[in-house]
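Here's a walk through a two-chain model, one chain at a time and then the place where they meet. Keep the structure open beside you as you read.

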Amino acid sequence: MSVRLSPRPLSLPAACRELDTPGPGGFVVFVGRVRPDRVPGGRVVALVYEAHEAPALRELAKLETEARRQFGAQRTVAWHRVGRVRVGEPAVIVGAACAHRREAFAAASYLIDELKARVPVWKEERARPGRPPRPRRAPTRGRSAG
Amino acid sequence: MREKLRAIASPAEAMPSPAWPPVQTVNSDIMPVRVSVCINRFAGYGSSGEFLTERKEASSPPPVQVLLFATARTAVGERRLEWAVGIRGMPLAELLGALGARHPALRPILRTSRVLVNGDVRPGAVGRVRPGDELAIHPPYGGG
């Protein structure tokens with residue numbers, strides 16, 4: 001069982017190593033990354049995450065206990081970044097190793113859904129001003145590029 | 001404290017020893033005629049008839065630490081506030097009302113926020129906050 005709030009980049013291989021033991025039949029990992037969404041101020045280049053650390057770690061630990069009880073998860077990870085996370089970087093990694101695939105998928109899904117609802121973490125967008133998106137035009141037939 | 005007071009209330013009784021560090025001679029020429037006792041101070045006569053008082057700095061109870069996150073922090077412009085309360089504290093709902101009155105931008109956020117006292121969620125803002133408690137305002141979460 002592993003919970004973490006980290007100011008440093010989250011490592012998917014490290015999460016897999018945490019879950020990869022011979023006992024369970026398989027494991028499922030979900031990695032949530034920062035998207036380059038368009039926003040009124042331009043385009044998102046990063047998200048800044050903050051957490052209320054002690055209650056957040058306590059809630060993550062509770063989620064792991066619940067995943068173990070409800071889905072028989074033998075190993076879990078629930079890691080979240082804090083601080084500035086650039087587009088494309090993992091902001092969250094959850095995973096569960098269970099005897100069978102159905103339980104593993106259900107446990108991982110439960111972990112990410114409950115994490116978003118119950119763990120005191122917040123994000124703030126950092127956008128880079130950019131040109132507003134061009135209006136779309138209907139494709140013109142019969143004209144070649146160049 | 002009563003025993004100490006009894007010891008100094010009568011001039012005939014000798015003070016046990018000078019090992020009573022906070023005792024301070026105020027003015028041996030003026031002989032006050034009564035012994036006054038209050039929360040932070042007591043006074044009386046010493047073995048040689050001098051007027052003695054024990055003074056303690058009147059200490060106010062430690063304030064409630066208010067932690068603000070995300071939109072609550074933006075609304076107030078601070079991460080942390082100190083809120084003075086009396087020795088018995090105050091009802092949580094009353095404190096939240098006072099916070100909203102002082103920071104009107106915080107009011108709508110408080111309606112949708114979870115409130116934690118010393119790390120425990122207090123649904124319905126029931127109960128009291130005591131001096132030195134940590135009160136956290138959690139707007140809706142946005143992790144992941």
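This is a predicted model: local features need pLDDT of at least 70, side-chain atom pairs count only at pLDDT 80 or more; totals for chains, interfaces and linings use all residues.

Residues are numbered from 1 along each chain as its sequence is written, and chains are lettered from A and ligands numbered from 1 in the order in which they are written.

## Chain A

Start with the parts list: chain A has three helices and eight strands. Both are DSSP runs numbered from the N terminus, with helices being H or I of at least four residues and strands being E of at least two. Along the sequence, the pattern goes β-α-β-β-β-α-β-β-β-α-β.

Of the 146 residues in chain A, 35% are buried. Here, buried says that 20 or more other C-beta atoms lie within 10 Å of a residue's own; exposed is 12 or fewer, partly exposed is in between, and C-beta atoms are placed from the backbone. If you take the contacts in chain A between residues at least 6 apart in sequence, 77% join residues at least 24 apart. A contact is a pair of residues whose C-beta atoms, placed from the backbone, lie within 7 Å.

Now look for the open sheet of four strands, in the order 1-5-7-2 and with mixed pairing. Its edges are strand 1 (2-6) and strand 2 (26-33) of chain A, each of which pairs on one side only. From one strand to the next, the twist averages 10°. Two strands count as paired if DSSP finds at least two bridges between them. The pairings in this sheet look like this:

| Strands of chain A | Sense | Bridges | A bridge pair |
|---|---|---|---|
| strand 5 and strand 7 | antiparallel | six bridges | Arg75(A) and Ala97(A) |
| strand 2 and strand 7 | antiparallel | eight bridges | Gly26(A) and Cys98(A) |

Helix 3 (residues 101-118) of chain A packs on this sheet and touches strand 2, strand 5 (75-81) and strand 7 of chain A. The direction of helix 3 makes about 145° with that of strand 7 of chain A. Such angles run from 0 to 180 degrees between N-to-C directions, using axes that are lines fitted to C-alpha atoms, for helices over the stretch in contact.

How many residues of strand 5 of chain A are buried? Seven of its seven are. Arg75(A), Val77(A), Trp79(A) and Arg81(A) point one way from the strand, while Thr76(A), Ala78(A) and His80(A) point the other way.

## Chain B

Chain B has four helices and 11 strands, and 22% of its 144 residues count as buried. For contacts in chain B between residues at least 6 apart in sequence, 58% join residues at least 24 apart.

Chain B also has an open sheet, this one of five strands in the order 6-5-11-8-9, with mixed pairing. Strand 6 (80-83) and strand 9 (120-121) of chain B are the edge strands, each pairing on one side only. Strand 8 (residues 114-117) and strand 11 (residues 134-138) of chain B pair in the antiparallel sense over four bridges, and Val117(B) stands opposite Leu135(B) in strand 11. Helix 3 (residues 92-102) of chain B packs on the sheet, touching strand 5 (64-68), strand 6 and strand 8 of chain B, and its direction makes about 120° with that of strand 8.

Next, some loops. Val85(B) sits in the loop between strand 6 and strand 7 (90-91) of chain B. Why does Val85(B) count as buried? Because 20 other C-beta atoms lie within 10 Å. Leaving aside neighbours within four places in sequence, Val85(B) is in contact with Pro61(B), Pro63(B), Val64(B), Met90(B), Val129(B) and Pro131(B). Val129(B) is 44 residues away from Val85(B) in sequence, yet 8.6 Å away in space, C-alpha to C-alpha.

Asn118(B), in the loop between strand 8 and strand 9 of chain B, has a phi near 50°, a positive value in a residue other than glycine. Asn118(B) is partly exposed, because 14 other C-beta atoms lie within 10 Å. Ala125(B) has a positive phi of about 50° too, although it is not a glycine. Ala125(B) lies in the loop between strand 9 and strand 10 (128-129) of chain B and is partly exposed, with 16 other C-beta atoms within 10 Å.

## Where the chains meet

The contact takes 17 residues from chain A and 12 residues from chain B. On the chain B side, the classes are seven nonpolar, five polar and no charged residues. Ala, Val, Leu, Ile, Met, Phe, Trp, Tyr, Cys and Pro count as nonpolar, Asp, Glu, Lys and Arg as charged, and the others, Gly among them, as polar.

Key
Two residues are in contact if their C-beta atoms, placed from the backbone, lie within 7 Å.
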